[in-house]
Structure formats: structure tokens, C-alpha cells
Amino acid sequence: MGKHVRTDDGRLLMAEEWGNPSGNPVLLLHGTPGSRLGTALPDLTVHHPDVRFFAYDRPGYGGSDRLPGRRVSDAARDAATVADALGIERFAVVGRSGGAPHALACAALLPGRVRAAAALVGIAPRDAAGLDWFAGMTPFNVREYGLAAESPELLDEDLAARAAAVRKDPEGLIEDLRAELSEHDLPVVSDPAVRATLLRGYREALGSSHHGWTDDCLAFTRPWGFEVSDVTAPVLLWHGLDDAFSPPSHTRWLAGRIAGSTLVLEPGAGHFAAQYALPRVLEWLRAQEDGGA
């Protein structure tokens, strides 16, 4: 059951926690579009009974108020607010897909609180030097990110229409993407547990507006508000080598700028395989804590 948390500037964030109340806290940051309800498969707590999971809807998604003009860096302030409300001081953070840049923001800007971080199938900053940012990216993402940079008004109109369609038929978003999925992603999104988790997240994310989706795309293509090289906590960067939504070249670029990061490039895995990778990521996070991180 979600609970509202009020920020210092008066906004409401919808948060959720589950798992072991006395376990090691791990913040899960959802994808784009997404919500706190789509961050993990339902059996995760069974296999990780020592973890206290928590999550929240980014501004504009689900039950969280919009923050117009938000930057990726704003996630650090919101994550700290949610953690405070739940009585959590230090925690690890995992971001998948659109949540990955926000996880790096938490690691960079909350060095005293974030024990370790993991960014799964993420993207690099739009101004990443030496990176062909759109190379290998699916036409769907090229269009949305292109509009974000060149015509925010058209982006907003486009995503408003897509969100309205998802509210009528949440499965339609998955079906629309099938043509752009790699051969490795098709069986993953056909897995009933994965599909149900994605649909649950989409319904909650876009149930009342498309604003979170728009604001994510705008934030990714504008300055993030921090330098990834400022991250000093242990960081795991995971990417499937057959990911066409977030090209692996982005994670390679991040690995070259985050000192001491652990890079995992998994062959035969696409974008949505990150759901299956999460248990191993949690084991890695636990190892960092056991090592005194």
C-alpha cells in the first residue's frame, strides 16, 4: 500500500516499501514510463528475505505531483526525502532503464547516504563527449529523444496521445514495441510474471497523466545537473549486449568515466532482461556492504 511523502517544496511523492522491515534498505528506481509498482518481479522478496525494498513514483508519474523543469539531479533530493520519511539513513540504490541515470544522481549527490549503486540498461548524458548518442537506438527512442531536444511541444502532444492509448489498453504499449524488440527480448516480455509487472507499472504510471513520461525524456536530453565522474560509491553497470532501446555503448561510456565501476556486458540479453538480472545485482550490492562499503 503506497503512502504519500511531502517534499520541502510542498509536492507529494507516492512511495512504497516491502520486504524485511529490518533488512538492508535498497531503493529501486523505475523505468520510463514506469512507477514504483513495476520495479521488481513478485518473487524477489522470497529470494532476498534480508532486504528492505522501497520505491517511489518520479514526479508526474502515478501518485506523485509533477515537478516542471525537473532535472535528473532532482532525484537525489526526492530519494533522500522518501528515505527520511521511512526512517532510512543509508541505503543502496538500483535504477533500471530510465531509472539508471537517476540512480547515478543519487550516488553522486548523496555520498554520505548511498552505500552502493547499480545502473541497469541505462543511458549516458546527451552531451557525452565522443559518444554517437543515437547509434544503435530503436526508431521509437530516436523519435522521442529527438523531439525532446528539438520540439518539446510536439513531444508532449505525442506522449499525451500514447498515454491516453495506454490507459485504454495497457498491453498496447508492449505490442507497439514488439517490432523493435530484439530476439532475446521477445521471450522475456512474453514471460507472464514480467508482462504482469510491466503492465502494472504502466497502468499506475500513466493512470492520470503523461507528464512524468514527458519530463523524463526532457531531463535525459538536457544537462543532468551533476557529473557522472563525481560518483565515488561502488557502482555496478549492467547491460545486455543485444539491447536496442538503450545501446550498450552508453554503458561502456559511463564505465570509462566512473572510477572503479564494475562493468557487466551480458551476451544474449536485451533490454528487458534487466528484470532477470536484478537478483544477481542485489547479491553484488550485498557483497559491497559486507566489504564495508
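Modeller: The lining of the second largest pocket divides into seven nonpolar, two polar and three charged residues. Here Ala, Val, Leu, Ile, Met, Phe, Trp, Tyr, Cys and Pro count as nonpolar, Asp, Glu, Lys and Arg as charged, and the others, Gly among them, as polar. This is a predicted model, in which local features need pLDDT of at least 70 and side-chain atom pairs count only at pLDDT 80 or more, while totals for chains, interfaces and linings use all residues. Residues are numbered from 1 along each chain as its sequence is written, and side-chain values use heavy atoms, with hydrogens and water left out.

The second largest pocket holds about 170 Å³ of space. A pocket is an open set of points on a 1 Å grid over the protein atoms alone, where a 1.4 Å probe fits and protein lies on both sides within 12 Å along at least five of seven lines; lining residues have an atom within 4 Å of a point. Volume is the space filled by probe spheres set on the points, which are joined across faces, edges and corners. P223, W224, G225, F226, E227, V228 and S229 are among the lining residues of the second largest pocket. P125, D127, A128, W253 and R257 also line the second largest pocket.

The largest pocket has a volume of about 210 Å³. It is lined by 14 residues, and those closest to its centre are W18, L37, A40, P42 and R200. Two or more lining residues come from each of β2 (12-19), α1 and α8 (192-205); helices (H or I, at least four residues) and strands (E, at least two) are DSSP runs, numbered from the N terminus. The largest share, three residues, is given by α8. By class, the lining of the largest pocket has seven nonpolar, four polar and three charged residues.

Next come the helices. The axes of α4 and α5 (residues 152-168) come within 6 Å and cross at roughly 135 degrees; axes are lines fitted to C-alpha atoms, for helices over the stretch in contact, and angles run from 0 to 180 degrees between N-to-C directions. That makes α4 oblique to α5 (under 35 degrees is roughly parallel, over 145 roughly antiparallel, 65 to 115 roughly perpendicular, and the rest oblique). In this contact (heavy atoms within 4.5 Å), α4 supplies F140, R143, E144, L147, A148 and E150, and α5 supplies P152, L154, L155, D158, L159 and R162. Seven of these residues are nonpolar, none polar and five charged.

Helix α4 also meets α9 (residues 211-221), where the axes come within 9 Å and cross at roughly 75 degrees. The two helices are therefore roughly perpendicular to each other. F140, E144, Y145, A148 and A149 of α4 meet W213, C217, L218, F220 and T221 of α9. That contact has eight nonpolar residues, one polar and one charged.

V121, in the loop between β6 (114-120) and α4 (139-150), has a positive phi of about 45 degrees although it is not a glycine. V121 is buried at 0% relative accessible area (buried is under 20%, exposed over 50%, partly exposed in between, with a 1.4 Å probe and protein chains only). S97, also not a glycine, has a positive phi of about 55 degrees and sits in the loop between β5 (91-96) and α3 (99-109). At 13% relative accessibility, S97 counts as buried. Helix α3 is mostly covered, with ten of its eleven residues buried. P33 lies in the loop between β3 (24-29) and α1 (44-47), and the peptide bond from T32 to P33 is cis, with omega near -10 degrees.
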